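Dear colleague,

Please find below the structure that I am handing over to you, with the findings set out after it. I would be grateful if you could read them with the model open.

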Amino acid sequence: MRNAPTGAGLLAVLFFSTLFVYSGVAQAAGPAASSACDRACLNGFVDQYMAAVAAHDPSKLPTSAHVRYTENNVEMKLGEGLWQTSDGWGTYKVYVDDPQTGQVGFLGVANEDGHLSCFAARLKVANHKVTEIEVIAARPDRLGPASGPVTGGPENLKDKPLFSEDEPADQRVSREKLIQLADGYFSTIQQNTGKLYTTFDPDCQRMENGAITANNPDPKAYPVARMGCQAQLETGMLKMVTRIRDRRYVVDEQKQMVFAAGFFDHSGVLRKNTLVDGSVRTIGPPFDRPFTFCLFELFKMKNGKIRQIEAVLLTVPYYMPTPWK
């Protein structure tokens, strides 16, 4: 793979680079687990995990005998990777609780010797023990400085009241509808033609590794970043995304949030992109070579529409398989 983006901006690169180079609904993850672990219980396991990592001591976390651990899409022994290098955590925390499947998604900021990383994880709990831990740590050496006036990074991650709000019961949509909205977002991006397969709130905003890449209020931001979520995708500018595969979902019905895992494959074969308005754009680096984004992406819904999106992602070799099948 030549010159696949290992830096910054990652999906910000996807949108900002696009600006310049232009001159089966998936099943919910996992079978139903014991409902004995409620929301507070699931959050408690996340807190125990964080404390155990900061202490470099897996024994501080109740785990099953055959617990599985992956970090940045590589399966490894519990206690390796971030477990060895952690110096604690930032204050940013977002929990996505799915008692029906015994899973919890989590966004935060990891600290390794003063180097902060955008962080996301999924834990699965059964019989009050952690059976699965899946982590993405977008470390600073993989972020680097974002191009131009729009910058990203963990320092930009601040508390968003939206993510802690319970939605009124009469304004909630079903679990199946929540998955459909998130999955439809991915289907809209995959070989993007401008056709929408999901529904956006007019105020929808997207953040990727701490960079605001849609509905950015900064007047100095690139025009494409100032566009809304829907307006961006209606242009058809992301046709270079070949497929979005291995989609899995953790669903928080009370907060109307979906925590998704998946891969954005870029085959690198597209050289010209005809937009919805008929204009033709040349596809250049890094999208002229094969590479893949591995990501967690959080969706907050309001009244059955996508209101806020936040992703943590990094590049991996093209078509890299997931260990979580």
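A strand here is a DSSP run of type E with at least two residues, and strands are numbered from the N terminus. In this sense Glu-71 belongs to strand S1, which covers residues 63-71. Please note that the model is a predicted one.

**Glu-71 and its surroundings**

Glu-71 has a relative accessibility of 6% and therefore counts as buried, the limit being under 20%. Its side chain makes a polar contact of 2.5 Å with the side chain of Tyr-69. When neighbours within four places in sequence are set aside, the residues in contact with Glu-71 are Met-76, Glu-80, Gly-81, Leu-82, Val-135 and Arg-139. Of these, Val-135 is the residue of S6 that stands opposite Glu-71.

**The sheet**

Strands S1 and S6 (residues 129-138) run parallel and are joined by five bridges. They are part of an open sheet of six strands with mixed pairing, ordered S2-S1-S6-S5-S4-S3. The edges are formed by S2 (74-76) and S3 (89-98); each has a single partner strand, so one side of each is left without a neighbour in the sheet. From one strand to the next, the twist averages 20°. Helix H2 (residues 39-54) packs on this sheet and touches S3, S4 (103-112), S5 (115-126) and S6. The direction of H2 makes about 145° with that of S3.

**The cysteines**

The count of disulfides comes to two. With the bonded cysteines of the chain numbered in sequence order, the pairing is 1-2, 3-4.

Cys-118 counts as buried at 1% relative accessibility, and Cys-294 is buried with a relative accessible area of 5%.

Yours sincerely

Key
Residues are numbered from 1 along each chain as its sequence is written. This is a predicted model: local features need pLDDT of at least 70, side-chain atom pairs count only at pLDDT 80 or more; totals for chains, interfaces and linings use all residues. Side-chain values use heavy atoms; hydrogens and water are left out. A disulfide is a pair of cysteine sulfur atoms within 2.5 Å. Buried means under 20% relative accessible area, exposed over 50%, partly exposed in between (1.4 Å probe, protein chains only). Helices (H or I, at least four residues) and strands (E, at least two) are DSSP runs, numbered from the N terminus. A polar contact is a pair of N or O atoms within 3.5 Å; within protein, one must be able to donate a hydrogen and the other to accept it, and residues adjacent in sequence count only if both atoms are side-chain atoms. Contact means heavy atoms within 4.5 Å. Two strands pair if DSSP finds at least two bridges between them. Axes are lines fitted to C-alpha atoms, for helices over the stretch in contact, and angles run from 0 to 180 degrees between N-to-C directions.
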